[in-house]
Amino acid sequence: MSSYYITTAIDYPNGPPHIGHSLEKIAADVVARYHRLRGDDTYFCMGLDENSQHVVTAAQTSGVSPAEWIDRMDEAFRLAWAKLDCSFDRWIRTTEEVHFRAAQELFRRAQENGDIYKAVYSGFYCPNCNAFYTQEELTQQGTCPDHTSITPDWLEEENYFFALSKYTEKLARYVEEHPEFIVPAIWRGEVLATLRQGLKDFSASRKVRPAAYVDGKPWGVPVPGDPEHVIYVWFDALTNYLTAAGLPDEPERFEKTWPAAAHVIGKNITRFHCLYWPAMLMSAGIELPKSVAVHGFMTLEGQRISKTTGNIVDPVELAEEFGADAVRYYLMRDVSFESDGDFARANLVQRFNSDLANDLGNLLNRTVSMIGRYFERVVPEQPAVTGEREADVRRVALAAREATAKGIEAWDFDGALDGAWQLVRRANQYIDESEPWKLARDPEKKGELAAVLYHAAEAVRLLVIYLTPFIPGAAARMQAQLGLPAVQDGDWLAATEWGGLPAGTTLQQAEPVFPRIEVEK
Ligand SMILES: [Zn+2]
């Protein structure tokens, strides 16, 4: 069994989750579910990045202790992802004691390798990015390039540095030789361009002023042997991927799980994941992750998502209003993973009604209803000899499986769903062409009628498997209507050959799985 370890970025809990966080989580969940269906030993990790100073600031603003604040946020984030059916196996919080030891272990290894040194650091520090910028990197107005409401302060302090510059050539060679390392390809070009300019060492620690101590201690992971300094929050956060895999306490599990197959991240943090992180791993003598999958940003109704202007959507409310499947389907279908996309409620409703209620829902409903009406709800035998049309449906069913797989593996979710929809459309068209309601009037056409309804029902069964990664809740309800046991891990390979639907299966009563969303004008 091959292992497939997938992670999302861990979010800063300085406020509750919003819809902008969810594309990444759902995309990673689709891929994790797909690998489980392929029978891979899948391990999916999500979590929170709790050690940054602005978590403390957010707690202070709300008048609660940082510990209370992160517990509250932890609950809010886990609730949101549960509502959206994200099937993570591990939820990591960087305040976990085991994670402190993992981050310190990595820091020590870098020290032992001669990659950590002390020097005075100065630069413009954005507390929201937890990153230093040079004058040229700031906007013309002097604000952070990622946070235009923040004007980073000039900061000078003695820090521990990580010798990133030492790794420039090694990294460039690695990225050149491993086209699969940064996907989709457009992001790889950007990283290579940065590498050609050469890399600067980065500050790997932060000195905490006693005034900023929480309960007598600096907030964060102490630098080994120098507790006034905490490990730079990015150095600490990136290590979470190793902690979740079993470093340092479970060497056997670590051996089995690492390297990660994919880190799923937003485009704003490629620098950390495609440059800092692989260099840190090289320094520590740890294998690099197989790929970093980078997604674009989402706007909301055409505007930048912003807490200040109130242009945010709560994923929990959204899931309660439309259901997790509608949100997941829409994000994967309409909001591009690779480039920037827009989230618009009207488009969600339109997508749901046209693709799920009309196309897929109709296919399921008419198939189950007609088997109910003409075969007393029992799936008929597939006749030994069938015609051209049936052969074509079988061909499209196989092609749809391949196209869906190819799309998911290439992080092209719209393409994957397009692939599955080839079969949805072909099966609906097949029913229209075959006119089972006419065949049913002629007792001599019972065999033809059986062929049509068997092919329709088998197409639905296959679609349930192809769509389980995307719309797990609805797929399970469709499967139940077919009277079949739940889809199992491994079914993508074991149960997608044509003819897997046993004749004699008793269907449940037809019930709409995708009732149309009616919106007031
Ligand atoms: Zn910033």
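## Terms and model

Strands are DSSP runs of E with at least two residues, numbered from the N terminus. The model described here is predicted.

## The second largest pocket

The second largest pocket holds about 440 Å³ of space. It is lined by 25 residues, and those closest to its centre are Gln 53, Tyr 125, Asn 130, Leu 155 and Arg 206.

Which strand gives the largest share of the lining of the second largest pocket? Strand 6 does, with 3 residues. Strand 6 covers residues 153-162. At least two lining residues each also come from strand 9 (205-207), strand 11 (226-231) and helix 7 (233-238). Sorted by class, the lining of this pocket consists of 13 nonpolar, 6 polar and 6 charged residues.

## Helix 5 and helix 6

Helix 5 spans residues 168-177 and helix 6 spans residues 185-197. Their axes come within 10 Å and cross at roughly 155°. Angles over 145 degrees count as roughly antiparallel, so helix 5 and helix 6 are roughly antiparallel to each other. The crossing of helix 5 past helix 6 is left-handed.

Which residues meet where these two helices are in contact? From helix 5 come Thr 168, Leu 171, Ala 172, Val 175 and Glu 176, and from helix 6 come Arg 188, Leu 192 and Leu 195. Sorted by class, this contact has 5 nonpolar, 1 polar and 2 charged residues.

Definitions and conventions. Residues numbered from 1 in each chain as written. Predicted model: local features only at pLDDT ≥ 70, side-chain atom pairs only at ≥ 80, totals over all residues. Heavy atoms only, no water. Axes fitted to C-alpha atoms, helices over the stretch in contact; angles between N-to-C directions. Helix = DSSP H or I, 4+ residues; strand = E, 2+ residues; numbered from the N terminus. Parallel < 35°, antiparallel > 145°, perpendicular 65-115°, else oblique. Left-handed = near helix turned anticlockwise from the far one by under 90°. Contact = heavy atoms within 4.5 Å. Nonpolar A, V, L, I, M, F, W, Y, C, P; charged D, E, K, R; others polar. 1 Å grid on protein atoms, 1.4 Å probe; cavity = no way out; pocket = protein on both sides within 12 Å on 5 of 7 lines; lining within 4 Å. Points joined across faces, edges and corners; volume = space filled by probe spheres on them.
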